[in-house]
Amino acid sequence: MPKILERLTEKKARDLKVLKDFVHIFCRQNHRTESGEPFALKDERLRQALGGKELMLCHECSRLLNHGMAKLLLCPYDPKPMCKKCTTHCYAPGYRERIREVMRFSGLYLIKHGRLDLIMHYLF
Ligand SMILES: [Zn+2]
């Protein structure tokens, strides 16, 4: 996705990182990520934006994260509204339900574990 990377602003990089964290928590807690595969990030800028660390995700969650990242990068709004308040439903059917489940689960997980700093960036 080199072309849409031109839209990678600092704000979007932050949002991408939150998205990644949420999918990662969800996968780790629900899908035994240890037996998964490293999430492939070929683009170095994107890798850096996401913290530069290797990320283990199961196949399904990798696909979901890929989809979400592409949508985030392509989001035409600036500043991006919270997804749940947005009238443009850019996620493909199926992915949309899944990402909502991920956000709900990981949001609760973070609250339970006192990670309010991450919740502050809870944008979805
Ligand atoms: Zn998973």
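**Entry 1: what covers α1.** I started with the buried residues of α1 and found that their cover includes α2 (44–49), β2 (56–57), α3 and α4. For the names, I note that helices (H or I, at least four residues) and strands (E, at least two) are DSSP runs, numbered from the N terminus. I call a residue buried if 20 or more other C-beta atoms lie within 10 Å of its own, exposed if 12 or fewer, and partly exposed in between, with C-beta atoms placed from the backbone. Two residues are in contact if their C-beta atoms, also placed from the backbone, lie within 7 Å.

**Entry 2: ground rules.** My model is a predicted one, where local features need pLDDT of at least 70 and side-chain atom pairs count only at pLDDT 80 or more, while totals for chains, interfaces and linings use all residues. Residues are numbered from 1 along each chain as its sequence is written.

**Entry 3: more on α1.** I listed buried residues of α1, among them Leu 16, Leu 19, Phe 22, Val 23 and Phe 26. Lys 12, Asp 15 and Lys 20 are on that buried list too.

**Entry 4: α4.** Which residues of α4 are buried? I found Ile 99, Val 102, Met 103 and Ser 106. They sit on the same side of α4 because they cover an arc of only 100° around the axis (taken from the directions from the helix axis to the C-beta atoms). The buried residues of α4 pack against α1 (10–30) and α3 (59–74). On the face turned away from the buried side I noted the exposed residues Glu 97, Leu 108 and Lys 112. Gly 114 follows α4, and its phi is positive, near 70°.

**Entry 5: Glu 37.** Is Glu 37 buried or exposed? Glu 37 counts as exposed because it has 12 C-beta neighbours inside 10 Å. I placed Glu 37 in strand β1 (residues 37–38).

**Entry 6: the whole chain.** I read the order of elements as α-β-α-β-α-α-α, which comes to five helices and two strands. Buried residues make up 23% of the 124 residues. Among contacts between residues at least 6 apart in sequence, 75% join residues at least 24 apart.
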